Amino acid sequence: MMGSTERCMSTRERVPADMEKAFEWLLEGFNLEGPAARIVRNILEYADRMDGDEQYEFLTEMLDGTIGLSDREIRNLCWN
């Protein structure tokens, strides 16, 4: 099982460990705008209420196969 510090390292670059910075990283790294950006923001805001594995499982369910994130990048987005 990965520790919380390992979850903060991305395969593309370091993903900051809070929701706001994670959202900015997604906007910069993936072509998100308009309704798609709002949907991703809503997903991150909901995930902010969760911790650890629950947050990872939720983000995987919501983001896997959508914007091109790898499993490792989804894991690294977890900030709680």
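Trainee: Why is the crossing of helix 3 and helix 4 called right-handed?

Mentor: A crossing is right-handed if the near helix is turned clockwise from the far one by less than a right angle, and left-handed if anticlockwise. The crossing of helix 3 and helix 4 is right-handed, in a predicted model where local features need pLDDT of at least 70, side-chain atom pairs count only at pLDDT 80 or more, and totals for chains, interfaces and linings use all residues. Residues are numbered from 1 along each chain as its sequence is written, and side-chain values use heavy atoms, without hydrogens and water.

Trainee: How do you know whether helix 3 and helix 4 are roughly parallel or antiparallel?

Mentor: The axes of helix 3 (residues 34–47) and helix 4 (residues 52–63) come within 10 Å and cross at roughly 165°. Angles under 35 degrees count as roughly parallel, over 145 as roughly antiparallel, 65 to 115 as roughly perpendicular and the rest as oblique. The two helices are therefore roughly antiparallel.

Trainee: Which residues of helix 3 and helix 4 meet?

Mentor: With contact meaning heavy atoms within 4.5 Å, I43, L44, Y46 and A47 of helix 3 meet Q55, F58, L59, M62 and L63 of helix 4. By class, this contact has 8 nonpolar, 1 polar and no charged residues.

Trainee: How many helices and strands does the protein chain have?

Mentor: The chain has 5 helices and 0 strands, where helices (H or I, at least four residues) and strands (E, at least two) are DSSP runs, numbered from the N terminus.

Trainee: What share of the 80 residues is buried?

Mentor: Buried residues make up 41%; buried means under 20% relative accessible area, exposed over 50%, and partly exposed in between (1.4 Å probe, protein chains only).

Definitions and conventions
Axes are lines fitted to C-alpha atoms, for helices over the stretch in contact, and angles run from 0 to 180 degrees between N-to-C directions. Ala, Val, Leu, Ile, Met, Phe, Trp, Tyr, Cys and Pro count as nonpolar, Asp, Glu, Lys and Arg as charged, and the others, Gly among them, as polar.
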